[in-house]
Amino acid sequence: MRSVERKVKRQIRGFRTQDGAGVKLVRVLGHETTEEYDPILMLDSFDSINPDDYTAGFPMHPHRGIETISYVYRGQMVHRDSLGNEDSISDGEVQWMTAGSGILHEEKLPSSERMLGVQLWLNLPSKDKMTSPAYHSIKNEEIEEIDLENGKLRLLAGQYKDKKGYMSKYLPLDYYDIHLDPNASVFIDTEPDRSVMIFTLSGEVFIGGERVKEKTAAKLTSGNRVEIKSTEENAQILFVSSKPLGEAIAWGGPIVMNTKAELQKAFADLEQGTFLQKEMSYDNK
């Protein structure tokens, strides 16, 4: 197969905003980027050494039609939901929640030396929108760290070469946390039909000769490999590869469906107290 190197198709830098009970964050992807970054709906980045920026947390709120994937590289996140799950992740761990037909959850962010991480919203295919909700945490002992020539790769989910991590149930998802030393580079092989995004969590990199600044989501062109180069400083990059859905999106607040009617039904269910379905999944129990 002829090698086709991926380049940068589009870059989006985040903007500062607040969510939850007053959590200060950088919102990178959202309503305006769903088509190009499909199936990633949202990307929020957290990076603060001031606990006042985040300890208000995210009080109990609903979700339907998506999966939320939180990666806390530094700090802690405490989760509680309507399925009865109570759990915490910290310093390099992942929280994976399938909202499916409906779930209520809260996220508390206790004070720490630094809060550094991201939350992704991964769309669910239309056929799986109303699947049973579930929660799963990926702890450090389940995350393989793979040595690179000038850095390391943490396999948060999916597959890297012959190594396998937590496997997504509804969409294929390769999720890597790549650390590069100064003036280093790494080649990542990719499936040509995958939608690939790189987020610069810390530091800057070059992709196909184009500089990508910190806290930027770079959507890549199609191809079967990509080269990521660091600058004169260390870089930490999140690599996200999945399969685009190409489906209609009806998005209102914490709920993402395919049609306005489905969205209206979700909010009607909330008002009428019928939002939570009887089937429950206790993935971590």
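User: What does buried mean for a residue in this predicted model?

Analyst: Buried means under 20% relative accessible area, while partly exposed lies between that value and 50%.

User: Why is lysine 215 called buried?

Analyst: The relative accessible area of lysine 215 is 11%. The cut-off is under 20%, so lysine 215 counts as buried.

User: What makes glutamate 214 partly exposed?

Analyst: Glutamate 214 has 29% relative accessibility. Buried needs under 20% and exposed needs over 50%, so glutamate 214 falls in between.

User: Why is the contact of glutamate 214 and lysine 215 called a salt bridge?

Analyst: Their side chains meet at 3.7 Å, N to O. A side-chain nitrogen of Lys within 4 Å of a carboxyl oxygen of Glu qualifies, so the pair is counted. Both residues also belong to a network of salt bridges with Asp47 and Arg114.

User: How do you know that aspartate 87 and lysine 139 form a salt bridge?

Analyst: The N to O distance is 3.4 Å, and the limit is 4 Å, so the pair meets the rule.

User: Is aspartate 87 buried or exposed?

Analyst: Aspartate 87 is buried, because its relative accessible area of 17% is under 20%. In strand β8, Asp87 is on the covered face with Ile89.

User: Why are β7 and β8 said to pair?

Analyst: They share five bridges in the antiparallel sense. At least two are required, so the strands pair. In one of these contacts, valine 78 has serine 88 of β8 as its bridge partner.

Notes:
Residues are numbered from 1 along each chain as its sequence is written. This is a predicted model: local features need pLDDT of at least 70, side-chain atom pairs count only at pLDDT 80 or more; totals for chains, interfaces and linings use all residues. Side-chain values use heavy atoms; hydrogens and water are left out. Buried means under 20% relative accessible area, exposed over 50%, partly exposed in between (1.4 Å probe, protein chains only). Helices (H or I, at least four residues) and strands (E, at least two) are DSSP runs, numbered from the N terminus.
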